[in-house]
Amino acid sequence: FLLFAVLSPSLAINVYTASEVHGTVGSKVTLSCTFWSNEWISDDISVTWHFQPESSRDAISIFHYAKGQAYIDNVGVFKDRIEFIGNPRWKDGSIIVHDLEYTDNGTFTCDVKNPPDIVGKSSQVMLYVFENVPTRYGVVLGAVIGGVLLVVLVVLVIAYLIRYCWLRRQATLQRRLSAMEKGKLRLGKDSSKRGRQPPVLYAMLDHSRFTKSVSEKKSKGGLGESRKDKK
């Protein structure tokens, strides 16, 4: 008993279906059923689908797969409307229900056994048949969440662009300030050079004055000699 208690959790088989499926009158829906087993798929694997109408507490068997054969209900409410599209070897026991009717509203249960892996819980999916498929709450919620995420993304992009423009403006101002500081330094150097220029100008003026006086003296001396020659 203790050994079975230890091993039984590892032998549990897990069955998965959607929580609900919507369809319209006259159309078809796929009821997916997948499973996971820790054991190799044996030749004794079985897949069974049950249906419980919305207005009843009793469930009826509408499909059964065993020994490699599919047995479809051809006498009940789903006569000629059930199609087996699964493959138990690939851990798939899905079916299709054709020509939906309002009486198909109810609970569909998928049960899988893979001996010796037989311990596990079946999975149920609710089928809702409408004249027109309504907008699902999940779709609306997804659209709202998507819109909110889009707004957040746009705000983040705008904030990034504002910060980028601000940093770029700051860098431009910094370059301008650096250029102005360099210009002031150059102006200072030029003014210092200009401050040293007046003595040079004075020397040039003195030289020109000296040259002028010498030339005047020479001209006067030439006139004197010419006067003496005349005498």
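Two strands count as paired if DSSP finds at least two bridges between them. Keep that in mind, because strands are DSSP runs of at least two residues, numbered from the N terminus. One caution before we start: this is a predicted model.

Let's begin with a hairpin. Strand 6 and strand 7 form one, with two residues between them. In that turn, K67 has a positive phi of about 55°. The two strands pair in the antiparallel sense, over four bridges. A66 stands opposite Q69 in strand 7.

Now step back along the chain. A66 has another partner. A66, in strand 6, is the bridge partner of S46. That belongs to the pairing of strand 5 with strand 6, antiparallel, with six bridges. A hairpin joins these two as well, this time through six residues.

Look for V47: its bridge partner in strand 10 is V112. Strand 10 is also joined to strand 12, by five bridges, again antiparallel. There, F108 has V125 in strand 12 as its bridge partner.

Is strand 10 enclosed or open? Six of its eight residues are buried, so strand 10 is largely enclosed by the rest of the structure. Two residues to check are D111 and K113. Buried means under 20% relative accessible area. D111 has 21%, so it is partly exposed. K113 is at 27%, so it too counts as partly exposed. Their side chains meet in a salt bridge, 4.0 Å from N to O.

Next, the inside. The largest nonpolar core has 27 residues. Which of them touch the most other members? L31, W49, I62, F108 and V112. Several strands each supply at least two residues of this core, among them strand 5, strand 6, strand 10 and strand 12. Leaving aside neighbours within four places in sequence, V112 is in contact with I13, V15, C33, F35, I45, S46 and V47.

On to charges. How many salt bridges does a search of the whole structure find? Four. Another joins D43 and R89, at 2.7 Å, N to O. D43 sits in the loop between strand 4 and strand 5, and R89 in the loop between strand 8 and strand 9, so the pair ties together parts that are 46 residues apart in sequence. D43 is exposed, with a relative accessible area of 56%. R89, at 47%, counts as partly exposed.

Then there is R81 with D104. Their side chains meet at 2.8 Å, N to O. This pair links distant parts of the chain, 23 residues apart. R81 is in the loop between strand 7 and strand 8; D104 is in the loop between strand 9 and strand 10. Are these two buried or exposed? Both R81 and D104 are buried.

Last stop: the surface. A nonpolar patch lies there, formed by L150, L153, V154, V157, I158, Y160, L161, I162 and Y164. Together they have about 890 Å² of accessible area. Take I162 from that group. I162 lies in helix 2, which covers residues 137-230. Why does I162 count as exposed? Exposed means over 50% relative accessible area, and I162 has 54% relative accessibility.

Terms used
Residues numbered from 1 in each chain as written. Predicted model: local features only at pLDDT ≥ 70, side-chain atom pairs only at ≥ 80, totals over all residues. Heavy atoms only, no water. Core = buried A, V, L, I, M, F, W, Y, C linked by side-chain atoms within 4.5 Å. Buried < 20%, exposed > 50% of the residue type's maximum accessible area, 1.4 Å probe, protein only. Contact = heavy atoms within 4.5 Å. Patch = residues over 30% accessible without salt bridge, like charges linked within 9 Å, V, L, I, M, F, W, Y side chains within 5 Å. Areas by Shrake-Rupley, 256 points an atom, 1.4 Å probe, with all protein chains shown as cover.
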